[in-house]
Each structure stands twice: as structure tokens, then as C-alpha cells.
Amino acid sequence: MGSTPWPEFLKKSPLPAKLQQEIARLYDEKRDYLPGLSKEEKQSRLAKISYADFLTQICKADPAVLPFFQTYSHDLFAVGIDAVSALACYRNPDDYGACHYAGFDGMQLGGDEEKEEPYIFHFPDGNASIARLLVRSLIPEAVPGHTMEDVVTARADYSKLDQSSSPLRVRLNSTAVRAQHSGQPESAQEVEVAYVQEGKLKKVTGKCCVLACYNSMVPYLCPELPDKQKEALHYCVKEPFIYTHVAIRNWRAFHKLGIRQIVSPGSYHSFTMLDFPVSLGAYEFPSKPEEPMVLFMLRTPCQSGLPRRDQYRMGRFELIGTPFSEFERKIREQLTRMLAPAGFDSARDIAAITVNRWAHGYAYEYDSLFDPHWAPEERPCVVGRKQFRRISIANADAAASAYTNAAIDQAYRAVQEQLKGV
Ligand SMILES: Cc1cc2nc3c(=O)[nH]c(=O)nc-3n(C[C@H](O)[C@H](O)[C@H](O)COP(=O)(O)OP(=O)(O)OC[C@H]3O[C@@H](n4cnc5c(N)ncnc54)[C@H](O)[C@@H]3O)c2cc1C
């Protein structure tokens, strides 16, 4: 896909000939579908129309092509092309480089400077290494080593995280249930945080506190916040995903087919790929087909047709209501359909399955299709993260931006706020 000429590629698909021609036309004709408009005018038009409507109304495509493109946006936006603006699709090519949005090539929308940076940096264990590096900076004896490379295979010593002799302590398995000033917020000198550990309610007290969890939970944890701020915090609806990893005993079937990733628009999982080939420090990716490998499979449990935040709520409902046995059956069925002709046997070749149900996955990012155009200081994330005396609010939600860099920036901002004092 993307490397074979479109007519030739589509000819191998089971799609009717007319649809094949229509999809190939969208990719190959490279036409300016909005002639006479400036680049800025085109961009504002595309900001107000979904990519699905862009294809049918502006590129005049047959609506029957839509299922082919529907899940292109699932990995970055956790909804399909009915709920993402055409401009957002243009600016954010899919992060695995598997899909390329059709229709923009002749539109003269600007060069690569108009697009977001590609999504390419990756530790072998994903963002876990970032968390481990942060813990090592705080408590060096908890994670051996000194470099980004050696953290990947370092074994953490959990017993060092919460020692009374240490000036810094990390307490796991402790769910905060209340954060409040000791006395009137205007004059209080301390904040009390109540948390539950092994079913018991406990308390810690500090000069200040940073709440760095899901925005929508913050009003429940901190009922003394002003109502306007609570309302702003509730605006955020996290985006759900199902990230499945399947350990396979070898990847000969992929090698035989000459592929590393599979886009399956109509299937339970819309995307499957071999793990990113990253070697770092002592960790080396499996480079030979006979070696064990981890497969990544993506399902985005949204419900197309609804407003975007409702799609996320419905997705979460599906995700929580699906038992592991059903995920497992779907995984085995789909891998068999895709790979059995190349010799894959799911009973023999699957060594393990991990299904991560990210009920509250990405932070909600505002979109020109569904969200009003607020002045910067009126955006819910800005109203919601306002310092409340000795309590500050961080998390990626506080930036309405789904990525780690945003979470780190917000954490820095929240800590600086408290260091300046109340
Ligand atoms: C599947 C997936 C893949 C991702 N891939 C990438 C990627 O490749 N690149 C990238 O930049 N970003 C990626 N992200 C986004 C990135 O993980 C987030 O932006 C980042 O983790 C947000 O950090 P945070 O500190 O805001 O929140 P979190 O990392 O969610 O941390 C919040 C912490 O608070 C804890 N918590 C919540 N409530 C309470 C409570 N009441 N009491 C105590 N503790 C509580 C939670 O357990 C959690 O540990 C991905 C996210 C997901 C879900």
C-alpha cells in the first residue's frame, strides 16, 4: 500500500472495479478541488468539514468509498473520518506511515511546514522507559544505570521507592480520594491528601499538592474548587483504545508475504504490525524471521455518527463490557484469516496475548468540527488548570494535548506555580 501504483494495488483487493477506480482517482488525479481560494481560505474550509465529507462533497467521491478510509484516523484521533476535520487529517498523517490520506496532493495547502512532526521516537518498551528515567532522576538507587540506553534492560528495585530515610518517596497502589486545604483555602498553610491503600483510608499532609490525573476526576477529588473550574475540568473526555500485543514464536508468515504491517478497514482490529525495529543498549530487536516477535494490534472502540466526545463514551462502554475471551477469539480469528495462507497457525504460533484496555487513553484534543473557537484564555483546559492556592493541576489534559511532551510541560508549569508560592 502506497508503494505499488494504486490501480495495481487495488486490483488485488476484493472491491468492485468501480470502487477501485474511484479510490485510485482520489489518489492519482492530484487536483485542486477548491480552485480560486487562497491557501488560508482552503484551510479554513477544510477545518469545518470532516474528511469523510471532504471526500464526498468536495472531491465528489462515491460515498461507497468511505469504508475504505473510515479507520485511517483511528490511531491518532480514536474516531473515524466522520469525526475528524479534513484539515486535521492533512496535518497529521497517520503515525505508523501505513495510510496516506487521498485528495490533498493537488490542493496546494502548503509544504511540510504545515504538518505536525512525524510520530517516530520510540523506546523498545514505549513510554515506560520515560517513566523509569523520571523515577531514576528522583531516586537513583531504585533504577540502576545512568543512560537512556541502559535503562531499557535495567531491573527496578521497588523496595527503594518509598523509604522513610529518603527525601523523595513514591508510593504505589495508593489511590488519592480527596485533596483539600487544612482550613480555609485563603489562609491554609497545608494541604491534606487522603488516599486508599489496601482498602484502608490514609492521609499525608504537605505544603502544596499537584493533582496530575484525568481532568474529569479532579472535581471529585477536590470539591472545594470553584464551580466554573469544575465545569471546565469536566469538558475533557479521554479517548479510549485497545492496544493488544501478541507474542508469536516466529514471524515467518510476515517474511513470506513480504509485509510488516496490515491495514484492515473492515475488521475487528483495524491495524496490525510487527513491533518497531528499535535496538537500544543491550536490547536488540528480532531481526530474523525465525526469532520470536511481538505483534501490535489496534482496535479503536468508537461509534461513528455521534459527536466526538459521545463516540468516546460509547467506546468506553464497549471496551469495559468485552470479556478477554472475546478479544482472544477475535485476535485468533483475524490473525488466521490474514496469515494462515502464509503458514501461520494461531494454536501453534501464539505464545501469549496482552490486551491493554485504555479506557482513559489519550487526552482530549480540541477540534474545529465539534468544539467552539475559544479565546486562548477561555479554553476549558486553561480555565480548568488554574492554580487553586496550594493545589495545582497538571496532566496532559491540562494542555488538551495527548502526548508526553505536553504532560511534562504541564508538570513543570504546575511545580513552578507552587514554588512561586500562593
Ligand atoms: C496507548 C497509549 C499510547 C501512547 N503513545 C504515546 C506515544 O507514543 N508518544 C507520546 O508522546 N505519548 C503517547 N501516549 C500519551 C502519553 O502516554 C500521555 O500523554 C502521558 O502519559 C500523559 O502523562 P500524564 O502524567 O499527564 O498522565 P498519566 O501518564 O496518565 O499519569 C497519571 C497517573 O496518575 C495516576 N492516578 C490517576 N488517578 C489517581 C488517583 N486518584 N490517585 C493516585 N494516582 C492516580 C494514574 O495511575 C497514572 O499513573 C500514549 C497514550 C496511550 C494511552
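**Close-up views of two sheets**

**View 1. Strands E1, E2 and E3 form an open sheet of three.** In E2, Ala194 is the bridge partner of Arg178. The model is predicted: local features need pLDDT of at least 70, side-chain atom pairs count only at pLDDT 80 or more, and totals for chains, interfaces and linings use all residues. Residues are numbered from 1 along each chain as its sequence is written. Strands (E, at least two residues) and helices (H or I, at least four) are DSSP runs numbered from the N terminus; two strands pair if DSSP finds at least two bridges between them. E1 and E2 (residues 191–197) are joined by six bridges in the antiparallel sense. The order is E1-E2-E3 and the pairing is antiparallel. E1 (175–181) and E3 (200–206) are the edge strands, each pairing on one side only. On average, neighbouring strands of this sheet are turned by 20° against each other, direction ignored; axes are lines fitted to C-alpha atoms, for helices over the stretch in contact, and angles run from 0 to 180 degrees between N-to-C directions.

**View 2. An open sheet of five strands runs in the order E6-E7-E8-E5-E9.** Its pairing is antiparallel. E6 (261–263) and E9 stand at the edges with a single partner strand each, so one side of each has no neighbour in the sheet. Neighbouring strands here are turned by 15° against each other on average, direction ignored.

**View 3. Strand E5 pairs with both E9 and E8.** Ala247 stands opposite Val294 in E8, and its bridge partner in E9 is Ala352. His245 faces Thr354 of E9. Seven of the 10 residues of E5 (residues 239–248) are buried, so the strand is largely enclosed by the rest of the structure. A residue is buried if 20 or more other C-beta atoms, placed from the backbone, lie within 10 Å of its own, exposed if 12 or fewer do, and partly exposed in between. Of the 422 residues of the protein, 29% count as buried.

**View 4. Helices H12 and H13 meet the strands.** H12 (residues 308–321) lies across E5 and E9, at about 40° to E5. H13 (residues 324–339) packs on the sheet, touching E5, E6, E8 and E9, and its direction makes about 120° with that of E9. Contact between two residues means that their C-beta atoms, placed from the backbone, lie within 7 Å. The protein has 16 helices and 10 strands.
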